[in-house]
Amino acid sequence: MVKDKLLEKITLRLNEVEKLPKMKEGSIIQTLEENGLSRRDFMKWAGAMTATLGLSSAFIPAVSKAAELADRLPVIWLHMAECTGCSESLLRTATPSIDSLIFDYISLEYHETIMSASGWQAEENLEQAIEKYKGQYILMVEGGIPAGTSEYFLTVGPHGTTGAEHCRIACKNAAAIFAIGTCSSFGGIQAAYPNPTNSQALSKIVNQPVINVPGCPPSEKNIVGNVLNYILFGTLPALDSYNRPKWAYRLRIHDLCERRGRFDAGEFVQHFGDQGAKDGYCLYKVGCKGPYTFNNCSQERFNSHTSWPIQAGHGCIGCSEPDFWDTMGPFEEPLADRLYKSVFGGLGADATADKIGIGVLAVAGVAIAAHAAVGSFKKNKGE
Ligand code: FSX
Ligand code: SF4
Ligand code: F3S
């Protein structure tokens with residue numbers, strides 16, 4: 001019943017979006033075919049994306065339709081203080097994934113990395129895009145934003161307009177605003193202590209709702225999924241207390257980790273390069289912050305779904321959490337008794353990870369929870 005109502009709502013919304021003028025030549029299917037991908041690949045992708053968005057298989061046709069209509073909603077993408085890793089992760093790939101091809105297919109009206117215009121012409125393009133698509137465009141902002149009396153640390157274009165001012169102007173007429181990457185969501189590395197440029201999150205610069213899509217960088221699925229989600233629903237998705245869409249950030253890395261069985265069995269890498277590392281043991285003792293980090297990396301992975309940090313043999317460094325540069329380091333040591341304040345607040349993440357363990361950490365100063373204690377007990381016994 002609820003499903004039918006939702007499907008009906010989505011169908012109405014997609015019909016409305018379909019009436020908007022088409023802004024690209026050809027179709028997404030043609031684009032995919034030109035890149036050696038078939039309709040069958042596309043439907044397989046739509047199935048996976050539907051599941052990622054937390055929808056049942058009854059929604060697959062709607063999700064594929066939303067992808068086909070991705071050229072109807074103009075996107076303006078601004079760069080602030082950042083490394084451009086977010087854009088790069090999506091765009092620079094030898095074998096483009098369907099996600100990155102869909103991103104290509106989206107009507108990117110303004111994106112400084114990939115457009116040919118520069119200087120006055122670029123400024124003019126931005127002004128025109130904002131004017132022409134007033135109230136209709138999706139705004140994506142990448143990078144931290146120097147604020148307050150430090151605004152001038154970031155000026156963009158020949159007028160010397162500050163980054164913060166660019167954001168304020170572009171946000172004013174946007175239909176939806178996404179902070180792409182941890183820098184734009186929470187300030188990022190620029191905001192790490194002592195934050196010399198007073199870099200801030202986009203949500204601190206504007207008084208409008210901002211959907212945070214953190215990660216340094218976020219996966220291509222999490223970026224494209226947000227566009228599709230907006231096409232499907234036309235409203236804000238359900239968000240957690242850090243304004244991250246729950247469909248992507250509701251679970252901890254630790255909950256979805258392929259090494260979780262090793263954690264539960266007390267099998268830990270003690271040093272990089274040891275036998276445990278070769279055998280895929282848990283990386284907690286060499287600094288993994290998966291128990292404190294909310295993201296879907298193990299499911300979506302990076303570089304066209306190739307791999308993700310833990311699969312590659314390094315612990316999660318907590319890159320989708322606020323202030324992770326300051327609070328999660330040193331990256332190759334456990335947090336031990338320095339507890340990280342998660343979305344659950346206070347001891348939340350640790351409490352669910354292992355309450356007893358925290359007691360052990362605090363009292364004995366040992367690096368990990370009861371699992372670790374049991375693990376080393378077993379090991380010693382074995383030895
Ligand atoms: Fe870089 Fe985007 Fe990190 Fe920041 O990412 S990948 S520094 S989140 O703003 O380019
Ligand atoms: Fe995976 Fe890290 Fe949790 Fe170990 S601590 S199970 S490596 S997320
Ligand atoms: Fe970042 Fe951890 Fe994923 S470091 S990329 S949130 S595994």
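## Strand pairing

Two strands pair if DSSP finds at least two bridges between them. This model is predicted, and strand S7, residues 176-180, has two such partners described here. Strand S3 (residues 138-142) joins S7 through 5 bridges, and the two run parallel. Within that pairing, Glu-142 has Ile-180 of S7 as its bridge partner.

Strand S9 (residues 211-213) also runs parallel to S7, with 3 bridges between them. Here Ala-179 stands opposite Asn-212 of S9.

## Burial of S7

How many of the 5 residues of S7 are buried? The count is 5 of 5, so the strand is largely enclosed by the rest of the structure. Buried means under 20% relative accessible area.

Both faces of S7 are covered. Ala-176, Phe-178 and Ile-180 are buried on one side. Ile-177 and Ala-179 are buried on the other.

## Around ligand 2

Ligand 2 takes up the space of the largest cavity. Two elements each give two or more residues to its shell: helix H13 (253-256) and helix H14 (260-264).

In total, 13 residues surround ligand 2. The closest are His-254, Cys-257, Cys-282, Leu-283 and Cys-288. By class, the shell holds 9 nonpolar, 2 polar and 2 charged residues.

## Cis peptide bonds

A cis peptide bond joins Tyr-193 to Pro-194, with omega about 5°. Pro-194 sits in the loop between helix H9 (181-186) and strand S8 (199-200).

Another cis bond runs from Cys-216 to Pro-217, with omega near 5°. Pro-217 is in the loop between S9 and helix H11 (220-233).

## Positive phi at two asparagines

Asn-198 is not a glycine, yet its phi is positive, at about 50°. The residue lies in the loop between H9 and S8. Is Asn-198 buried or partly exposed? Its relative accessible area is 29%, so Asn-198 counts as partly exposed.

Asn-243 also has a positive phi, about 60°, without being a glycine. Its place is the loop between H11 and helix H12 (246-249). With a relative accessible area of 30%, Asn-243 is partly exposed.

Note on methods: Residues are numbered from 1 along each chain as its sequence is written. Chains are lettered from A and ligands numbered from 1 in the order in which they are written. This is a predicted model: local features need pLDDT of at least 70, side-chain atom pairs count only at pLDDT 80 or more; totals for chains, interfaces and linings use all residues. Side-chain values use heavy atoms; hydrogens and water are left out. A residue is near a molecule or strand if one of its heavy atoms lies within 4 Å of it. On a 1 Å grid over the protein atoms alone, a cavity is a set of points where a 1.4 Å probe fits but cannot get out, and a pocket is an open set with protein on both sides within 12 Å along at least five of seven lines; lining residues have an atom within 4 Å of a point. A molecule sits in a cavity or pocket if more than half of its atoms lie within 2 Å of its grid points. Helices (H or I, at least four residues) and strands (E, at least two) are DSSP runs, numbered from the N terminus. Ala, Val, Leu, Ile, Met, Phe, Trp, Tyr, Cys and Pro count as nonpolar, Asp, Glu, Lys and Arg as charged, and the others, Gly among them, as polar. Buried means under 20% relative accessible area, exposed over 50%, partly exposed in between (1.4 Å probe, protein chains only).
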